[in-house]
Each structure stands twice: as structure tokens, then as C-alpha cells.
Amino acid sequence: MQQVLIITAVLASLHATTSGWLVCPQYCVCQAHGKVNCSRLALHQMPTYLPAHIEELSLSENRLQQLPDQLYVPQMLQHLDLSRNLLQTLPEHAIGDLWMLTHLDLSENRLHRIADLAPAVQKLRRLTALHMRANPLGRIDGHCHHNSAAVGTNNVVLRSASLSELNVADCGLSQIERCAFVGLTNLTRLTLADNPLEHFNGLVSSTLRQLDISNCRLTVVASDAFLHTPALMYMDISRNPRANLLPSTKNREDSPTIINYMSTSLVHLDASGCSMTDIPVTIFPNLKQISLRANVMRELPSRTFYRARHLLAIDLSRNQLTEIGDSTFLGAESLTVLNLSENFIISVDAAAFLQMVDLVYLDLSHNQLRHLTNISAPAMTRLILSHCAIEELPSVLPHSISLDISNNPISILPDHLFSFHIQELDLSYCRLSSIHKSTFEGMIALKKLDLRGNRLTLPFDIGVLSSLKQLKALSVTDNPWQCACDKNVSGTTKIENFLKFMIELSLKTNVDENSNNINENRNYWRFFNNDEKYKNENIELIYENQNTSKVDEMGRHLKCRPSNSNAEVLWSQACQAPTTTEKPRRRNPERQWMAFIVTFAVVSSILIVLLVLRQNLVEESRLRRRAREERANSNLEETMIASTTLSEGAPLAVRPVRSPIADILQLPTYEEAILLPKPIPDDFGVESNSTREVSTWISQENSLDDDDDDNDDQNQIDENHCSNLNHNSESTTSL
């Protein structure tokens with residue numbers, strides 16, 4: 001009976017849950033756990049219906065310009081995202097009834113006044129986070145009495161007893177009154193980053209713990225900026241290039257400056273990318289972590305950290321430091337992490353870190369150190385000296401568990417290196433070409449050795465590493481190895497011996513790392529299989545698989561270059577007999593078909609393009625040839641007509657323009673015709689003057705006809721006129 005009741009209750013709850021999702025808005029996505037996503041839909045108004053059991057609603061990246069006075073959303077809503085819209089105001093009754101709302105995001109809208117939000121924020125009794133980033137607010141008011149934290153009740157803009165997180169970054173705030181956030185009695189995190197603030201006068205808040213004023217234009221910080229924030233623990237003032245919390249130490253004796261602002265609660269300070277010249281441990285005595293990266297500090301005076309007894313980590317990278325003295329860090333006994341990389345440090349005193357009993361991490365990389373002194377600290381576990389200018393190493397290495405000297409111009413190692421503490425040594429990407437047999441005899445605790453990227457050509461003798469009983473990892477890849485196939489007395493080559501040693505070392509490391517797994521496998525077979533023989537076979541199978549994988553991995557990475565070839569080969573195949581032939585690889589038929597299809601498609605496309613171009617060229621040449629033939633035929637016809645007319649003695653067609661021929665062909669009167677001389681025949685084939693003039697006129701007419709082809713109708717009129725003239729001339733001749 002009890003099971004039936006449980007099943008009935010579960011089915012009822014499922015029915016209630018699914019019935020609420022039946023009204024999911026169009027184009028929205030209704031997810032599990034009461035989440036509805038209506039973002040990026042270009043909505044101009046709120047959805048009409050929403051599910052009844054939603055807890056998170058996202059309406060971001062739409063085109064909402066205003067909200068209705070009464071927002072039709074379930075009152076159980078807890079997260080509301082209205083970012084990246086076009087909202088200019090927020091009515092009081094729009095969201096004031098959402099009594100369960102805890103997170104409200106209004107970022108990247110067009111809200112101009114924060115006072116318009118005050119009534120709605122005050123009604124939301126459970127609101128804990130309000131994001132208003134990238135809104136053109138301009139300023140936030142809240143006046144206080146002079147030199148006092150007291151404030152009148154009518155001067156506070158924002159009031160909320162539940163709001164703990166407020167983000168007004170990138171809102172164009174050029175001025176923030178000291179008492180602007182007094183009404184937020186539970187405020188713990190405030191973000192004012194990316195605003196054009198030049199003066200910071202401080203804030204009045206008894207609960208504020210985190211303050212972000214990064215990437216502003218700060219130049220002046222008031223002397224009492226942190227007096228009224230007794231709970232402030234984390235402050236980010238980074239990326240303010242002109243901000244300096246302390247005066248310069250050079251003029252401290254001539255014109256002393258008294259710093260009044262002091263915060264005993266601040267434990268974390270990020271002042272990277274500023275104009276800090278000193279370390280502000282005097283005004284923040286309880287600091288535990290401080291970042292002063294990319295500042296303009298050129299020196300660290302003595303006893304700088306005398307009052308920094310609680311400091312645990314400090315980042316001084318990318319400054320202009322040149323020297324570390326023996327008393328620079330005197331007083332910083334609790335310091336555990338120190339970063340001095342990317343400076344111009346030339347020398348480091350050997351006793352600079354002896355008093356730092358808790359220092360475990362020291363980074364001196366990317367400096368100008370040429371000599372490695374005995375840099376030691378009692379508890380140091382990692383020392384980084386990479387990318388320096390170190391050319392040689394001392395016989396006694398620094399006191400550290402892990403030492404990184406990679407990317408240095410070290411060409412020769414000492415004959416003897418001594419260190420009873422170093423377990424990891426990184427000599428990668430140096431200029432080592434050889435290693436002496438007794439170099440690592442004094443490093444009895446060494447477990448990991450990195451020799452990658454050097455200039456080693458011949459495999460060194462196994463005796464070089466024979467004294468390293470704790471060695472578990474050795475890296476020798478990325479070296480210009482040569483295949484030394486000369487056999488020794490035992491009939492093996494150096495490559496074979498070295499490869500065997502590397503494989504044994506890898507298997508030893510693998511056995512040590514997987515000892516716990518083997519024990520678990522033994523326990524597993526003990527409980528689930530009583531057959532001892534079967535259990536041992538399975539454990540041996542595990543060992544065999546591990547050995548095979550290690551050998552294969554070793555063979556893939558170690559390569560050398562034969563003397564008669566420039567191509568690199570695997571060490572396992574370097575000294576094999578040339579009679580061994582490698583089986584040709586079987587080609588994949590699918591790839592062959594794909595290559596054939598692609599080649600055929602490309603060749604076909606090229607042929608089609610060439611055929612189309614050829615056809616266009618042929619058609620164009622045919623049209624040009626036809627035009628030339630038509631022009632030649634027209635010229636030939638005109639010439640034949642002119643010659644026929646001349647042979648028959650008929651007058652030629654003339655243009656309306658008057659010419660000497662027109663005067664000749666004009667009909668004379670009867671009296672003038674009687675007096676005209678008779679024509680004399682040309683019996684001897686001599687051309688008469690009239691005939692020569694007519695030929696000259698014909699050549700002129702042909703040139704005019706070639707230049708003007710559009711006067712065909714006028715020529716027809718001229719021919720009719722010439723025929724009339726011929727008829728009149730015949731009549732005159734008969735007379």
C-alpha cells in the first residue's frame with residue numbers, strides 16, 4: 001500500500017511539472033530545472049505566456065525598449081536576465097512583485113539614472129546580485145557631511161538590506177560620492193572597473209569586502225580613502241598607469257609625506273600595471289598577497305619588508321630591478337612565493353634568501369644573470385633560472401628540490417656536480433654537446449633529468465648514469481643524434497645499449513607508478529577468483545602490456561641520422577642489416593577512389609572552361625571576318641559601278657555640293673550649244689583632260705564614300721539627278 005502511494009505521488013508531481021511546460025513560448029527553449037531561454041530572438045515585447053514553474057528566465061540580446069507595468073512572469077522566478085536590450089527605464093511595478101528574485105542582470109542597456117531603479121530594488125527583499133555594467137549612468141549621488149561618515153536619510157539613492165553584489169563597471173562614472181552605497185547595508189562586493197575615475201575619495205561601507213577599481217584613470221587617492229571600509233580584504237587597483245599609492249623614496253628625507261590612509265584588514269592587493277615605485281607594506285601591514293607586476297620599481301631598499309611579517313606571496317615581475325642585496329628581504333620570514341622574473345637583475349647575493357625559512361618557490365627567469373651563485377633557502381622546493389645568460393654552472397648547485405636551468409647558453413658541464421637535495425634537473429635546450437662520465441656522480445637524489453633540445457650527437461656511455469640509483473625519468477629527444485653502429489667487444493652497438501637502458505628505465509618508472517594498481521589487481525583476483533594460476537597469468541599479462549606500450553613509445557620518439565643519409569630513422573631500426581625490406585604500405589581503396597574522383601572533376605572543369613573560351617574566340621573571329629568581307633564587297637561594287645559609268649561615257653552621280661563637274665554638266669542654251677567645239681577622238685590612246693578630271697573626281701568620291709557610310713538615301717537621290725542630267729545631255733547632243 002505504501003509503494004502504491006509513493007508511485008501515485010511521483011506520477012502526480014510529474015503531471016504537474018509537465019503540464020507547466022505545455023505553455024512554453026514560441027521560439028523559446030524550455031530546459032530542465034525550470035530554465036527558459038528566450039535570448040537572441042529580436043523580441044520587441046515580453047512573451048505573453050510563460051511556464052508556471054520557471055526559476056531562470058533569459059531575455060538577453062533582444063530589442064526590448066520598455067517593460068509593461070505588470071510583468072506576467074511566475075513569482076517563483078529567481079534569475080532574470082535582461083542584458084543587451086534597449087531598456088531606458090525600469091518601472092517600479094514591473095519587477096517589484098517578484099519577491100523570490102535573487103539575481104537581476106540589466107547590463108548593456110540604455111539606463112541613464114540609477115535613481116529610477118531605486119524603488120524597484122528596494123521592493124526586492126531577496127535580491128543579492130545586481131549587474132548594471134555598460135549603462136550610461138554618469139554618476140551616483142550620495143552626499144555626506146564634511147569629514148564624517150554620517151549621512152542624511154534623504155541623500156541615499158540605493159537602499160537594500162539584501163543586496164550583496166553590485167556591478168556598475170563601464171558606466172561612464174566620472175565621480176562617485178563617498179556615501180553613494182551607504183544604503184546597501186549588506187554590500188560585500190563592488191565593481192567599479194572601466195570607469196573614467198581620476199580621483200578616488202574612498203567609500204563608506206562597514207560590510208564591503210571586495211573592491212574592484214581596475215582599468216580606470218586614477219591619479220589621486222585620497223589620504224583617508226580606506227578609513228571607512230573596516231572589512232575590506234581584497235582590492236584590485238591594477239591597470240591604472242598613473243596611480244601611485246606611495247611617494248618616491250628619493251625625496252623622502254627632503255620632503256617627508258605622511259600617509260594617513262591605512263587599512264589593517266586588507267590582505268590581497270593587485271596593483272599591477274600602475275606607476276608604483278615602492279612596496280606599500282607600510283600602509284597595509286597585514287597584506288598576505290600582493291601583485292606589483294609591470295610597475296616602475298628600479299630598486300628594493302634595505303629592510304623594505306621589515307614590517308611585512310604576514311606576507312606570503314609577492315609578484316615583482318616585469319619591473320626594472322637590477323640587484324638583490326643580502327638585506328633586501330629581511331623581515332619577510334613568512335614569504336613562500338617570490339616572483340622576480342622579467343627584470344634586469346645582474347647579481348643576486350648568496351645570503352639574500354637565507355632568512356626566508358618558508359620560501360618554497362623562487363622565479364628568477366628572463367633576467368641577465370651570467371653566473372649562478374649558491375642561491376639557497378632552507379625550504380626551497382622549486383628554483384627557476386631559465387632564459388638567463390648563464391654560461392657555466394658551479395660544482396655545488398643551489399639548495400632546491402627542482403632546478404630549472406633550461407634555455408641558457410651552457411655548453412660544458414663540470415666534471416662533478418654535487419647536490420644532495422635536487423630531485424629534478426632541467427637542462428633542456430642548452431648547448432650541451434657531451435657529458436663527462438662522472439658529472440652526475442654527486443647527485444644521488446636525482447630522479448628526473450631533462451636533456452632535450454641540446455647538441456648531443458653520440459649516445460653517451462651508460463656509466464654516466466649508473467650512479468643515479470633513484471633515476472626514474474630521462475628525456476633525450478630533439479637532439480641531432482647520429483646512428484653509431486660500431487659494435488664493441490660484446491657485439492652490441494652504443495645505440496642498442498642506450499636504447500636498452502632507456503627501456504629498462506621507463507619500465508622501472510612504470511612499475512613504481514603503478515605499484516598501487518597492481519596491488520589493487522591482486523586484491524581483486526583474491527576476492528573474485530581463487531585460482532592462483534589464473535591470477536598470476538593475468539598479472540603477468542598486465543606487465544606484458546605495459547612493457548609493450550613503453551617499448552613502442554620509446555621507439556617512436558628516439559630517432560637518429562645515418563652517416564650516408566639525411567633522413568632520420570628510428571633507433572630500433574638504425575643498425576639493422578640492409579637486406580631487411582620493409583613491406584609496402586597497403587593503400588586505402590577509398591582514398592584512391594576519392595583522389596580519382598577529385599582529379600576527374602578538376603580536369604573536367606578545366607576542359608569545359610577551355611571549350612567555352614575556344615567557342616567564344618571562334619565566334620568572335622567569324623564575326624570580324626564577315627564584317628571585313630561585307631566591307632570589301634561594298635567597296636568592289638562601288639568601284640565597278642564607277643568604272644562602268646566611265647566606260648559608257650555616262651555622267652556620274654554627284655552630290656548636292658557644287659563642283660566643277662556640276663558646272664560642266666549644266667545644260668547650255670541653244671546659242672551656246674552651237675558655238676561649243678566638237679570633241680576630238682583619242683585615236684592614239686592618250687587620255688584627254690576631261691577624262692583625267694573625271695578620274696580625279698571619281699577617286700575623291702570613293703574616299704568620301706568610305707568615310708561616310710550612312711548617306712545611302714542621299715546617294716539614291718543623286719543617282720536620279722544624274723540620270724536626268726544624262727537625258728538632257730543626250731538631247732543637247734542631238735541638237
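Modeller: A residue counts as buried if its relative accessible area is under 20%, and as exposed if over 50%. Keep in mind that this is a predicted model.

Biologist: Why is phenylalanine 284 called buried?

Modeller: Its relative accessible area is 1%. The limit is under 20%, so phenylalanine 284 is buried. Phenylalanine 226, at 4%, counts as buried too.

Biologist: What makes phenylalanine 226 and phenylalanine 284 an edge-to-face pair?

Modeller: Their centres are 5.9 Å apart, and pairing needs centres within 6.5 Å. The planes are at 70 degrees; over 60 counts as edge-to-face, so the label applies. The two residues are 58 apart in the chain: phenylalanine 226 is in the loop between strands E13 and E14, phenylalanine 284 in the loop between strands E15 and E16. Together with Phe200 they form one aromatic cluster.

Biologist: Why is the pair of phenylalanine 596 and phenylalanine 600 called stacked?

Modeller: The planes are 20 degrees apart, with 6.4 Å centre to centre. Stacked requires under 30 degrees, and the centres must lie within 6.5 Å, so the pair is stacked. Both residues are in helix H7, four residues apart, and so separated by about one helical turn. Phenylalanine 600 is exposed, because its relative accessible area is 55% and the limit is over 50%.

Biologist: How do you know that the charged end of arginine 309 sits over the ring of tyrosine 306?

Modeller: It is 5.3 Å from the ring centre, and the distance limit is within 6 Å. Arginine 303 also lies over the face of tyrosine 306, at 4.2 Å from the ring centre.

Conventions
Residues are numbered from 1 along each chain as its sequence is written. This is a predicted model: local features need pLDDT of at least 70, side-chain atom pairs count only at pLDDT 80 or more; totals for chains, interfaces and linings use all residues. Side-chain values use heavy atoms; hydrogens and water are left out. Rings of Phe, Tyr and Trp (its six-membered ring) pair if their centres lie within 6.5 Å; planes under 30 degrees apart count as stacked, over 60 as edge-to-face and the rest as tilted. Buried means under 20% relative accessible area, exposed over 50%, partly exposed in between (1.4 Å probe, protein chains only). A charge sits over a ring if NZ of Lys or CZ of Arg is within 6 Å of the ring centre and within 35 degrees of the ring normal.
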